[in-house]
Amino acid sequence: MASVDLKDNLLGISWVDSGWVPILNPSNVLEYFSERSNPFYDRTCSNEVVKMQRLTLDHLNQMVGVEYILLHAQEPILYIIRKQQRQSPTQVIPLADYYIIAGVVYQAPDLGSVISSRLLSAVHGIQSAFDEAMSFCRYHPSKGYWWHFKDQEERERVKPKTKRKEEPSSLFQRQRVDTLLLDLRNKFPPTFYQPKPGEKPVPVEVKKEPEVPVEIVKPPEERETKPPAPPGPARPAPQTTPNKPPPEKRARLQ
């Protein structure tokens, strides 16, 4: 089971043999890659057949099957080895690439693995952000939703308390006082005014409006009572009509 897990997770492992690192060069890098302890090397490849028969690597072009070639070399630190499937001397199918950096062997990821890894990283970051945001959310039936951060209480404690400036009067009081002053000015206009500072005040001519006579209503006790009229000839009594009974109510025909 360990070998199966190792093959399934080749993108997450690396291999190195410290004894080869000082002498590593383009001529022996394939021999270094074919070490038995290297998990990236396939024992059934054509390179193993050529090695057992003590042939040169030029014979790989005449064989069919899986083989390893040195694709790129940048001495002394970088070597790229390709695993490919040879079907004819002129036709091959790339299977995987391996890069060796300072003697450490890694498998190069394919495009699908790179995209999948990027997407998983992005989704994980977004999910972590949503989880952290939800941990700061609070709800109460009377208040609704609000945010409560962990460092909010510490900031309120550290933040110096500034005294709020007390205004001498509110806007309502100022407007109300202005209204009262204007009313008093209309009722009691000034008798003098000063055109310029330092000059003598000049009296103001106030036009008096004609007073409207006010009718005084005397109480009923003070009203003059008229003497009764002298008796005269008797007036005829008014004719009274006999009281008639109310009309009878008739039922309406439906």
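This is a predicted model: local features need pLDDT of at least 70, side-chain atom pairs count only at pLDDT 80 or more; totals for chains, interfaces and linings use all residues.
Reader: Is arginine 54 buried or exposed?

Author: Arginine 54 lies in the loop between α3 and β2, and it has a positive phi of about 55° although it is not a glycine. Most residues other than glycine have a negative phi. For the surface, the cut-off to apply is that a residue counts as exposed over 50% relative accessible area. Because the relative accessible area of arginine 54 is 79%, this residue is exposed.

Reader: Which residues does a cis peptide bond join?

Author: Most peptide bonds are trans. One exception to look at involves a proline that lies in the loop between β2 and β3, where a hairpin joins the two strands through three residues. With omega at about 0°, the cis bond joins glutamate 75 and proline 76.

Reader: What is the order of the five strands in the open sheet?

Author: The secondary structure of the protein comes to six helices and nine strands, and five strands form an open sheet whose pairing is antiparallel. The edge strands, each of which pairs on one side only, are β1 (15-16) and β2. Read across the sheet, the order is β1-β5-β4-β3-β2.

Reader: How many bridges join strand β3 to strand β4?

Author: Strand β3 covers residues 78-88 and strand β4 covers residues 91-101, and the two run antiparallel. A hairpin joins them through two residues. Across this pairing, tyrosine 79 stands opposite isoleucine 100 in β4, while arginine 86 stands opposite valine 92 in β4. The number of bridges that join β3 to β4 is ten.

Reader: Which residue in β3 does isoleucine 69 stand opposite?

Author: The strands β2 and β3 pair in the antiparallel sense over nine bridges, and the hairpin that joins β2 to β3 passes through three residues. Within this pairing, the residue in β3 that stands opposite isoleucine 69 is arginine 82.

Reader: How much space lies in the largest pocket, and which elements give two or more residues to its lining?

Author: About 280 Å³ of space lies in the largest pocket. Of the 15 residues that line this pocket, the closest to its centre are Leu30, Glu31, Ser34, Asn47 and Leu57. By class, the lining has nine nonpolar, four polar and two charged residues. The elements that give two or more residues to the lining are α2 (29-33), α3 (46-52) and β2 (65-74).

Reader: Why does asparagine 28 count as buried, and with which residues is it in contact?

Author: Asparagine 28 lies in the loop between β1 and α2. A residue counts as buried under 20% relative accessible area, and asparagine 28 therefore counts as buried, at 12% relative accessibility. Leaving aside its neighbours within four places in sequence, asparagine 28 is in contact with Trp20 and Ile23.

Reader: What distance separates the C-alpha atoms of lysine 150 and phenylalanine 136?

Author: The place of lysine 150 is in the loop between β7 (144-147) and α5 (152-158), and with a relative accessible area of 69% this lysine is exposed. Phenylalanine 136 is 14 residues apart from lysine 150 along the chain. Their C-alpha atoms are separated by 7.7 Å.

Reader: What percentage of the residues of the protein count as buried?

Author: The accessible surface of the protein comes to about 23,200 Å², of which 57% belongs to carbon and sulfur atoms. Among contacts between residues at least 6 apart in sequence, 32% join residues at least 24 apart. Of the 254 residues of the protein, the share that counts as buried is 15%.

Note on methods
Residues are numbered from 1 along each chain as its sequence is written. Side-chain values use heavy atoms; hydrogens and water are left out. Helices (H or I, at least four residues) and strands (E, at least two) are DSSP runs, numbered from the N terminus. Buried means under 20% relative accessible area, exposed over 50%, partly exposed in between (1.4 Å probe, protein chains only). Contact means heavy atoms within 4.5 Å. Accessible areas come from the Shrake-Rupley method with a 1.4 Å probe; for residues, only the protein chains shown count as cover. On a 1 Å grid over the protein atoms alone, a cavity is a set of points where a 1.4 Å probe fits but cannot get out, and a pocket is an open set with protein on both sides within 12 Å along at least five of seven lines; lining residues have an atom within 4 Å of a point. Grid points are joined across faces, edges and corners, and a volume is the space filled by probe spheres set on the points. Ala, Val, Leu, Ile, Met, Phe, Trp, Tyr, Cys and Pro count as nonpolar, Asp, Glu, Lys and Arg as charged, and the others, Gly among them, as polar. Two strands pair if DSSP finds at least two bridges between them.
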